[in-house]
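Keep the sequence beside you as you read.

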Amino acid sequence: MPLSRRALGPLLLAPVTARAQSFTPASAPNQPLTQIAQSRGFTYGCAVTARLLADEPEFAALVAQEAGLVVPEYEAKFDTLQPEQGRFDTAPLDALLRWAEHFRKPVRGHALVWHNALPAWVAPAVTESPARAQAVMEAHFDHVLAHTSARIRDWDVVNEPIANPPGSDVPEPAGNSGDLRDSPWLRGLGPDYVATALRAARQRDRTLRLTLNDYGVEADSPSAEEKRRRLLRLLRSLRDRNVPLDAVGIQGHLQMREAFSPAIFRAFVQDIRALGLQVLITELDVREVRPPVGDFVARDAAVARRVHEFASAAFEGGARTLLTWGISDRWSWLHREQTVALDPGDVHRGLPYDWELNRKQMWRALARAFLGQSAG
Ligand code: G3I
């Protein structure tokens, strides 16, 4: 049961670093994750929001200490950046970019083309005609890529294009055919919308790293296996047509109710690398079963085991960058999003720091995976 903020009062006065050190699990160097990662050529980062960076000094301190890279949780999405056609609002993103510049943290862009986080005006516009869809996409890219070109050198150009197979959490609506998920962009431009977006980004910024980002490809399950097959088919098709693409983001929203096979996942990462693409883990967090099993110690140990085997398999497969989707359970989307949240009074223990901002066994698991060490 997370303490109320009132009960946390005395704790809140202690500097985060001191409290974190007092809880640093044994057998892991007491250094920030970013330093541990960099010591072996990896990058560790996390998702942030401009509001938390501005209003929660403990959050900002943790990110400044632990992360070597940040990604906006929603400030770089279509609905925030262009709420009305032709009216751009970069203020939230600019505030985040200023913070990141001050702390010398590179920023990933997330996400230019997605079926979600679209303002109401986009779907009718892009489904009106292919020409209108292309014009909407290109106008967005013109403004956003020019505005961010000095600060963001890596974008999730297309987010979650692959259709969820039967058996997935969110299976495709009946009647959807093919490998691609239903989306206004698919309806407006056809299956080539992915290539169109990637080409449009490359035309506007030759040195931008273009990333295609997706989820649901991590588990040892029939639906994840089918989604891996669909993603690989798309990647091979893009390569065969010389469509520009530099990297694949595997989100890594792990679920403890799903089986995981390090060998299967490592082979999948290797298959992507064999196409000449970089691989990033872009949104790692862990959703526990509902209700969770055991006390905090047991829950944290189970999460840590899964995180260690997942991250180790990713790195063995060739991934060099890993971001968690947040840094503390207290501010996780897993706690805010009612469709996945636990019962009131409990939170998923799926990030490196707990509600009270203490390092958890997951933090140690990531540290040891970065160091190439066993779970220990
Ligand atoms: O900031 C506004 C606030 O002013 C307003 O009062 C409030 C009213 O609902 O909305 C606030 O914006 C919300 C935003 O999160 C900030 O909390 C949006 O409604 C809400 O839709 C948005 O949710 C984000 C979601 O993506 C959709 O963009 C989550 O924070 C974010 O964690 C989630 O992240 C996604 C990745 O982009 C893709 N992979 C899955 C991941 C988890 O769903």
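A polar side-chain atom of Trp325 lies 3.0 Å from an oxygen atom of the ligand. The ligand has 780 Å² of accessible area on its own, and the protein covers 52% of it. Keep in mind that this is a predicted model.

In the side chain of Tyr74, an N or O atom sits 3.2 Å from an oxygen atom of the ligand. For Glu283 the ligand atom is a nitrogen, and the distance to an N or O atom of the side chain is 2.6 Å. In total, 14 residues are around the ligand. Those that come nearest are Glu73, Lys77, His110, Glu283 and Arg336.

Now turn to strand β8. This strand spans residues 278-287. Nine of its ten residues are buried, so β8 is mostly covered. Which strands pair with β8? Strand β6, residues 247-250, is joined to β8 by four bridges, and the two run parallel. Here Val248 stands opposite Val279 of β8. Strand β7, residues 253-255, is also parallel to β8, with three bridges between them. Leu254 has Val286 in β8 as its bridge partner. Then comes strand β9, residues 321-324. Three bridges join β9 to β8, again in parallel. Leu284 finds its bridge partner in β9, at Thr324.

How does the chain get from β8 to β9? Helix α14, residues 296-317, takes part with both strands in a β-α-β unit. This unit is right-handed.

Go back to β6 and look at its two faces. In a regular strand the side chains alternate between the two faces of the sheet. In β6, Ala247 and Gly249 are on one side. Val248 and Ile250 are on the other. Both faces are covered, and these four residues are all buried. The chain reaches β6 from β5 by way of α12, in a right-handed β-α-β crossover. Strand β5 covers residues 209-214. Four bridges join β5 to β6, and the strands run parallel. Leu212 has Val248 in β6 as its bridge partner. Val248 is also the residue that stands opposite Val279 in β8.

Asp246 lies in the loop between α12, residues 222-240, and β6. Is Asp246 buried or exposed? Its relative accessibility is 18%, and buried means under 20%, so Asp246 counts as buried. Which residues does Asp246 touch, leaving aside neighbours within four places in sequence? They are Arg202, Leu208, Arg209, Leu210, Leu277 and Gln278. With Leu210 there is a polar contact: a polar atom of the Asp246 side chain lies 2.7 Å from the backbone nitrogen of Leu210.

His348 counts as buried because its relative accessibility is 2%. Not counting residues up to four places away in sequence, His348 touches Val286, Arg287, Glu288, Asp329, Leu334, Val340, Ala341 and Leu342. Among them, Val286 is the bridge partner of Leu254. The His348 side chain also makes two polar contacts with backbone atoms. One reaches the backbone nitrogen of Glu288 at 2.9 Å. The other reaches the backbone oxygen of Val340 at 2.6 Å. Arg290 is 58 residues from His348 along the chain, yet their C-alpha atoms are separated by 9.2 Å.

End the walk at strand β3, residues 107-113. How many of its seven residues are buried? The count is seven of seven. Strand β4, residues 152-159, pairs with β3 over four bridges, in the parallel sense.

Terms used: Residues numbered from 1 in each chain as written. Predicted model: local features only at pLDDT ≥ 70, side-chain atom pairs only at ≥ 80, totals over all residues. Heavy atoms only, no water. Buried < 20%, exposed > 50% of the residue type's maximum accessible area, 1.4 Å probe, protein only. Pairing = 2+ DSSP bridges. Right-handed = clockwise from strand over helix to strand, strands pointing away. Near = heavy atom within 4 Å. Polar contact = N/O pair within 3.5 Å; in protein donor to acceptor, adjacent residues only side chain to side chain. Areas by Shrake-Rupley, 256 points an atom, 1.4 Å probe, with all protein chains shown as cover. Contact = heavy atoms within 4.5 Å.
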